[in-house]
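Visitor: Please put the structure up, and then I will ask about its chains.

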Amino acid sequence: MTSSVRLHVQGVSHAYRELSVLAGLDLEIPAGEVTVLVGPSGCGKSTLLGILGGLVKPSQGRVAMEGAVADDCLNPLTYVFQDFALVPWRTVAGNVSLVLEDTKLSRAERAARVAEVLAVAGLADFADAWPKQLSGGMRQRVGIARALAVRPAVLLMDEPLSALDAQTRGLLLDEFAEVIARTGATTVYVTHNLAEATRLGQQIVVLGRRPGRVREILRIDTPLSQRRLDDPDLVAVEARLWELLRGDAAAADRELTDAEA
Amino acid sequence: MPKLKGVVPFRAGGYAPRHIGWASPVTLIGLLVFWQILVWLGWASTAYASSPVLIGRALAALVASGELWGHLAASLQRLAIGWVVGTVAGLVVGFALGLFTLARSPGMAVVSALFPIPKIALVPLFIIWFGIGESSKIITLAFGVFFPTVINTVAGVDGVPRGLIRMAQSFNLKHWSIVTKIVLPGALPAILSGFRITTSTAIILLVAAEMIGADKGIGAFVLQAGNLYDTDNLLAGIVVLSAIGLCVSWVLGRLERVLLGWR
């Protein structure tokens, strides 16, 4: 049995001291789909992801979970971090094993699961390598393997490709699509990159300028396995997203420049 | 208008000091030879500054008579007990201040107030409180080691990337696991570099405490030699102290290599 969990964001607001970043946000995250959050810088995308994952306490509102979780799921809400968040004093296998060490799994089961997810992530030959020895792409593969090891019901991915070069991003994007399709996990993916949004998103939520509110929700029904970046329909969605975001992105850029000055 | 012609000059040299392995021993040996030559030429008095050869002879005599081992054993025992007690207490308090809000504000106030006090000034007070025996010397050392250990441990805990802690929390790791698997190893570089400071502090305090109230120990031996204008033995004692410092530094270096091999 695979997990099937949907999330309901209900009246969520959040402020960092005086700075309001989210204002009365309501959103449905459907089970088993990829929801992509896009929006201008500072609109609260990562904050919303933190709230969904229980890492940020909202100033107001709540997130409700609903659905069924697979028996082997060890951490229903699982994060993939922008900066990989790998523990430098543990090897690749040690990093994956770390998240299983407080669970009910025996040592043998843990080892088997680590080996399995490293193979899925293409890291079988790098189990004993240290994070410092890996490229950015390989480090994020470890992040993915670590997330898969706990059999997540909901994958929360915070700009997982933003620290990588364009070629590695392209390669990993295809691998993400495959992994997400394989796990069937409900996925929330934050990105600035509109090509990533159209490649992965089944529901694309466009947030407006700070304080973030849902501005528009677009749907793409083409299965992930059949999507190509040059697909005219996807290109059209990407153009529409840019049309929606352009004004806000320019205003956010001016806002940041003013703040820095 | 000035013209530009020729090969682009390289301008990015320097500002990157390298370690030259042979330079350290050659410098030390060179200084000793220079000192000995000054003595041979009669430009330096052995009554005030001894000489490398005389210091060597004094050391050999101390070893042969067994006198050195008695002093060395007394000093090393005080050093080890005082440093371990101060370090363990400093680590416990440092982690408490680093991890718990309730401990941090009052605790840091006390540490900040007591840290700048020169610990040598407390030796007479500790002798009044704990007597002239071993306790006062060990407590002086432990007290001197405690504060820098607390401060380095708090800095080490603060320096652990919060992202790693959030990652561990996001995977529901238990508090004890987060402390032992993330915070402790993350703070270890700062703690180990603190050990270099605290071992030096401990040696300084050891000598001071032994000079004030002991009849055994390298500090006491150096003081006795000084009182007798016996510069050969006085400097032989200082060479032994320097050797202790070098040995401790070597051990810490090995420890860093083993524990921080991942860096």
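Guide: The expected span of a helix is 1.5 Å times one less than its number of residues. Helices (H or I, at least four residues) and strands (E, at least two) are DSSP runs, numbered from the N terminus. This is a predicted model, in which local features need pLDDT of at least 70 and side-chain atom pairs count only at pLDDT 80 or more, while totals for chains, interfaces and linings use all residues. Residues are numbered from 1 along each chain as its sequence is written, and chains are lettered from A and ligands numbered from 1 in the order in which they are written.

Visitor: How far apart are the end C-alpha atoms of helix α1 of chain B?

Guide: Helix α1 of chain B covers residues 23-40, which is 18 residues. At 1.5 Å a residue it should span 26 Å, and the computed distance agrees with that. The end C-alpha atoms are separated by 25 Å.

Visitor: How many of the 18 residues of α1(B) are buried?

Guide: A residue is buried if 20 or more other C-beta atoms lie within 10 Å of its own, exposed if 12 or fewer, and partly exposed in between, with C-beta atoms placed from the backbone. By that count α1(B) is hardly covered. The number of buried residues in α1(B) is zero.

Visitor: Which residue with positive phi follows α1(B)?

Guide: Its phi is near 80°. The residue after α1(B) is Gly42(B).

Visitor: What is the radius of gyration of chain A?

Guide: Chain A has seven helices and nine strands. The radius is taken over C-alpha atoms, and the globule rule is 2.2 Å times the number of residues to the power 0.38. For 261 residues the rule gives 18 Å, and the value for chain A is close to it, so chain A is as compact as a globular protein of that length. The radius of gyration of chain A is 18 Å.

Visitor: Which element gives the most to the side of chain B that touches chain A?

Guide: Two residues are in contact if their C-beta atoms, placed from the backbone, lie within 7 Å. On this basis 15 residues of chain B meet 16 residues of chain A. The elements of chain B that give two or more residues to that side are α8 (162-170) and α9 (175-213). With six residues, the one that gives the most is α8(B).

Visitor: How far apart are the centres of domain 1 and domain 2 of chain A?

Guide: The bounds come from an automatic or database domain assignment. Domain 1 is 1-19 + 31-70 + 160-261 and domain 2 is 90-152. Taken over C-alpha atoms, their centres are separated by 25 Å.
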